[in-house]
Amino acid sequence: MTDATGRAVSEANLAMGAHATGMLEESPFAVPSKKLVMWLFIISDAVTFAALLMGYGYLRNANPNWPEPFKFSPSIVNVMLMTFVLITSSLTMLIGLRAAKAGDKSGALLWTFITVGGGILFALLHIREWRGLIGEGVRLFENPWGAPLFGASFFSITGLHLLHVIGGVVALVVVGLGYKRGRYNSDDLEVWTLYWHFVDLVWMFVVPFVYLLNVAR
Amino acid sequence: METAGRDSGGLKTYIVVYLCLLALAGLQFLLAYHHAEGEQLFLRMLSVALLQAGLAVMFFMHLRSERRNLRLSLALSTIFVLAMMNMVWSDSFRLLHFRLLK
């Protein structure tokens with residue numbers, strides 16, 4: 001198949017969004033369109049989290065009796081472990097992507113599923129953290145310590161982040177299996193690698209503002 | 001069709017950045033138990049978080065090796081929205097003073 005200028009147009013290029021009847025449209029940023037879409041999604045999701053954190057900051061600043069419930073053990077130790085797991089999973093995903101770009105399919109799959117394991121471990125540790133707080137009496141609109149909205153703001157921010165982690169785990173499993181079958185290629189893996197790094201990036205802001213500014217002294 | 005891999009660096013670079021991210025996270029945990037409180041602690045935490053984010057975006061997400069117009073487009077739009085959101089702070093201080101005066 002050729003375009004209007006006589007250049008060959010592959011089916012893969014058509015699948016990437018080129019028009020069948022006209023010339024290939026160059027991306028203005030010289031990246032595949034799916035990668036650009038993921039970047040745009042990341043920007044929109046980043047400002048969503050920023051809005052949640054700003055709202056949280058507003059409430060915390062405006063309440064003189066904002067709770068500071070996070071004891072070093074078990075809460076902060078748990079958070080340290082979660083941070084380590086998530087940052088390490090970003091590295092393992094990068095190693096997987098490098099393998100994919102180099103054509104090492106089995107290496108790419110191995111590191112992708114190690115990343116999935118890291119994501120699952122993070123989610124389990126997070127749920128353990130939640131259970132601890134719920135056990136201490138934290139609910140959405142009440143808690144034993146102070147401002148009633150502490151629970152709602154805490155659970156909504158960390159809950160939305162946890163949802164992103166779980167979504168990322170599911171996506172990586174789907175794309176990993178698709179990559180193994182030949183349905184997806186390394187570009188698809190790269191797109192979801194971007195998403196996974198974004199999830200890690202959000203956690204780098206959640207930890208200091210939600211946990212570390214409220215440690216029990 | 002696979003695009004050629006744009007790499008911000010080799011495996012060594014990734015490991016160095018990874019260790020920097022861990023070190024910065026460790027610094028945040030240390031700062032939390034340091035004597036600084038309130039605004040000073042918040043600004044320190046924010047600075048470290050921004051540094052971590054910069055490293056992750058530039059090296060892990062390979063934005064450093066993308067075209068400058070992509071970097072500018074993404075960064076400027078994000079910074080603009082974040083700057084607009086910052087208008088809420090004066091109202092939170094007003095509410096705090098109102099509650100303290102009650």
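This is a short walk through a predicted model, starting with chain A and then moving to a helix of chain B. Because the model is predicted, local features need pLDDT of at least 70 and side-chain atom pairs count only at pLDDT 80 or more, whereas totals for chains, interfaces and linings use all residues. Residues are numbered from 1 along each chain as its sequence is written, while chains are lettered from A and ligands numbered from 1 in the order in which they are written.

Chain A has 6 helices and 0 strands, where helices are DSSP runs of H or I with at least four residues, strands are runs of E with at least two, and both are numbered from the N terminus. Of the 217 residues in chain A, 36% are buried, that is, 20 or more other C-beta atoms, placed from the backbone, lie within 10 Å of the residue's own, with 12 or fewer counting as exposed and anything in between as partly exposed.

Turning to chain B, helix α1 (residues 11-32) has 22 residues and reaches 32 Å from its first C-alpha to its last, close to the 32 Å expected at 1.5 Å a residue, the expected span being 1.5 Å times one less than the number of residues. Its buried residues are V17(B), Y18(B), L21(B), A25(B), Q28(B) and A32(B). Seen down the axis of α1(B), these fall within an arc of 105 degrees, so they line one face of the helix; the arc is that of the directions from the helix axis to the C-beta atoms. On the other side of α1(B), K12(B), L19(B), A23(B) and L30(B) are exposed.
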